[in-house]
Amino acid sequence: MSVSSDQNTRMITALVQLRGALQAAGLPLELPGVDALRASRQQMIDQLEDYAIPRQMSLDAPLLVVVGGSTGAGKSTLVNSLVGSRVTASGLLRPTTRSPVLVHHPGEEQWFGQDRLLPDLVRVDHGTDDPRSLQLVASDRVPEGLAILDAPDVDSVEEHNRELAAHLLAAADLWLFVTSAARYSDQVPWEHLRTAAERGTAVAVVLDRTPADAVQTVSAHLARMLASRGLKDSPLFTVDESPVSEDGLLPAELVADIRGWLLSLAADPAARQLVVRQTLDGTVRTLARHSHAVADAVGEQLAAAAALRASADAAYDEQAARLVGLVGDGSLLRGEALARWQDFIGSGELLRGLDQRVGRLRDRVFSAVKGTPQAADRVALAIEAGVESLVLDVAESAADAAAAAWSEREDGRVLLAGDHRLGRAGPDVRRRAEAEVRSWQQEVLEQVRAAVAEWRMNADLLTYGAQGLGVALMVQVLTRTAADRSAAQPGRTLLDAVLGAAAVGDLVERAGASLDRRVGGLLDADRARFAAVVTALGVAEDSAEQLRAAARRVDDRRFEQARGETDGTATDNH
């Protein structure tokens with residue numbers, strides 16, 4: 001093989017970047033088909049970590065042969081027979097193999113440490129049923145350059161065994177797939193073989209435990225099945241049904257062909273490397289190709305997240321427009337607020353708080369506009385309570401509408417289930433509304449005082465008069481778009497007389513815009529709860545493109561290596 005050290009380093013870098021891009025490519029939203037894509041993404045990450053990256057970093061490591069297959073096919077017995085001693089447990093009870101066993105030459109244990117291969121499995125040197133461990137067995141019956149791993153049944157009744165079997169097979173340089181005359185057409189093993197053919201993985205098949213008179217017929221049928229599924233070049237071995245020895249081993253002559261083939265691979269570095277390169281190249285090619293499907297899925301996630309945000313925004317925008325309309329159309333000058341306003345303008349004290357320079361207005365507006373200091377405070381409190389109650393009511397409507405929009409989507413329903421309060425206004429809406437309304441009222445009073453000061457009226461005498469004028473201005477703001485403004489008219493008459501119609505119009509416009517902005521801000525803060533839920537999903541805007549770019553880099557490095565091998569072969573031939 002003519003792959004340079006630099007080329008190998010660049011490929012390792014590209015594979016590590018692909019792993020990072022896959023890890024960043026989250027698929028949190030419940031969209032159609034997402035479960036299969038999540039599983040595929042995780043399998044790709046696992047294969048990068050368990051096989052592609054470690055193997056690319058250790059191209060000279062022994063050839064790892066993973067023995068897998070159907071329940072009861074005799075995998076463990078075959079492994080023991082190939083090694084020539086009992087190294088892995090076998091038995092009649094199912095499932096048999098729980099903890100995988102890796103048999104290697106005594107001088108090559110360093111290649112199979114947890115930092116090099118299958119990092120999720122703890123290394124042990126003794127037999128165990130712990131499925132989270134990998135038992136390492138050194139045997140001088142295994143030649144240098146070769147290691148054999150006995151995996152659980154691919155069709156085990158235990159889910160963890162099935163998952164572990166798939167995990168181990170994905171880390172293999174060579175699959176030694178074991179089946180029997182009774183199980184060779186089962187669906188689950190063929191799903192794994194189909195995956196192997198798709199990846200270009202090196203595969204050899206063993207037809208085990210087959211009666212001598214059925215070997216020819218069954219093996220011919222199995223060979224046709226392999227050819228039809230893209231595995232026509234895979235070696236096919238047969239092992240006749242036979243009793244085992246007291247040590248649980250098959251007669252040596254029954255496994256001689258398989259052992260001889262494995263020994264020949266171990267003895268020929270070039271042949272061994274061809275097997276490694278076939279599987280590694282196929283794995284890398286498949287990972288790069290499947291990454292684009294995950295990137296497409298991330299794009300769908302981004303679109304779904306945007307749709308969720310948009311539906312929540314639409315609900316809040318609609319209610320925000322409604323709220324702005326309600327705070328200006330006279331809706332708030334009803335009930336308690338209207339009663340307090342009428343008390344205020346009917347008590348006879350408003351004009352007595354004004355400077356004598358506007359006393360000439362008294363005869364004209366006294367009958368319509370009267371008030372006391374306490375009455376002005378009560379009006380302000382009633383307005384505050386009314387606005388707070390309105391904001392809370394509209395916030396509840398907005399949250400309910402946003403939640404209803406999300407509930408029409410599966411992904412939205414899952415998000416709502418994770419936060420049952422989303423469909424209600426936030427718990428701090430009332431407190432924030434209270435603070436905003438009081439701040440607005442203070443702002444109105446300051447604007448009135450500033451306007452009054454321009455008339456150079458006596459400040460001591462205007463202390464209460466400014467407050468009364470401020471309340472009158474608040475009432476004008478709350479009725480600025482009302483069809484019937486008769487209840488607010490006495491206050492407008494007074495304001496016009498004191499400050500001038502143009503100045504009052506400007507004050508109403510500025511105070512109204514401020515109120516609209518403030519109540520709108522209250523809804524914006526509440527809608528942020530929905531946006532925060534979507535943001536917390538962690539789907540980065542550039543994650544799909546980053547993943548595609550990483551996959552393209554892997555393909556570029558793969559083509560670079562292929563050109564290097566071609567150039568090297570041409571040089572050797574020359």
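Trainee: Over how many bridges do strand β6 and strand β7 pair?
Mentor: Strand β6 covers residues 174-180, and strand β7 covers residues 202-210. Strands (E, at least two residues) and helices (H or I, at least four) are DSSP runs, numbered from the N terminus. Two strands pair if DSSP finds at least two bridges between them. Here the sense is parallel, and the count is seven bridges.

Trainee: What kind of model is this?
Mentor: Residues are numbered from 1 along each chain as its sequence is written, and side-chain values use heavy atoms, with hydrogens and water left out. Local features need pLDDT of at least 70, side-chain atom pairs count only at pLDDT 80 or more, and totals for chains, interfaces and linings use all residues: this is a predicted model.

Trainee: Which residue in β7 is the bridge partner of Val178?
Mentor: Take the pairing of β6 with β7, which is parallel. Look across from Val178 into β7, and the bridge partner is Val206.

Trainee: Which strands does helix α5 touch?
Mentor: Helix α5 (residues 187-199) packs on the sheet, and its direction makes about 155 degrees with that of β6. Angles run from 0 to 180 degrees between N-to-C directions, and axes are lines fitted to C-alpha atoms, for helices over the stretch in contact. Contact means heavy atoms within 4.5 Å. The strands touched are β6 and β7.

Trainee: And which strands does helix α6 touch?
Mentor: Helix α6 (residues 215-228) also packs on the sheet. Its direction makes about 155 degrees with that of β8. The strands touched are β6, β7 and β8.

Trainee: Which are the edge strands of the sheet?
Mentor: The sheet is open, has eight strands and mixed pairing, and runs in the order β3-β4-β2-β5-β1-β6-β7-β8. An edge strand pairs on one side only. That gives β3 (122-124) and β8 (236-240).

Trainee: At roughly what angle do the axes of α2 and α8 cross?
Mentor: Two packed helices are described by the angle between their axes and the distance between the axes. Helix α2 has residues 34-57, and helix α8 has residues 269-326. Their axes come within 9 Å and cross at roughly 145 degrees.

Trainee: How many residues of that contact are nonpolar, polar and charged?
Mentor: The α2 side includes Leu37, Met44 and Arg55, and the α8 side includes Leu280, His290 and Val294. Ala, Val, Leu, Ile, Met, Phe, Trp, Tyr, Cys and Pro count as nonpolar, Asp, Glu, Lys and Arg as charged, and the others, Gly among them, as polar. The contact divides into twelve nonpolar, seven polar and three charged.

Trainee: How much space lies in the largest cavity?
Mentor: On a 1 Å grid over the protein atoms alone, a cavity is a set of points where a 1.4 Å probe fits but cannot get out; a pocket is an open set with protein on both sides within 12 Å along at least five of seven lines, and lining residues have an atom within 4 Å of a point. Points are joined across faces, edges and corners, and a volume is the space filled by probe spheres set on them. The structure holds four cavities of 30 Å³ or more. The largest has about 150 Å³.

Trainee: Which element gives the most to the lining of the largest pocket?
Mentor: That pocket has a volume of about 930 Å³. Its lining has 31 residues, with Gln43, Glu163, Ala166, His167 and His192 nearest the centre. Eight lining residues come from α4.
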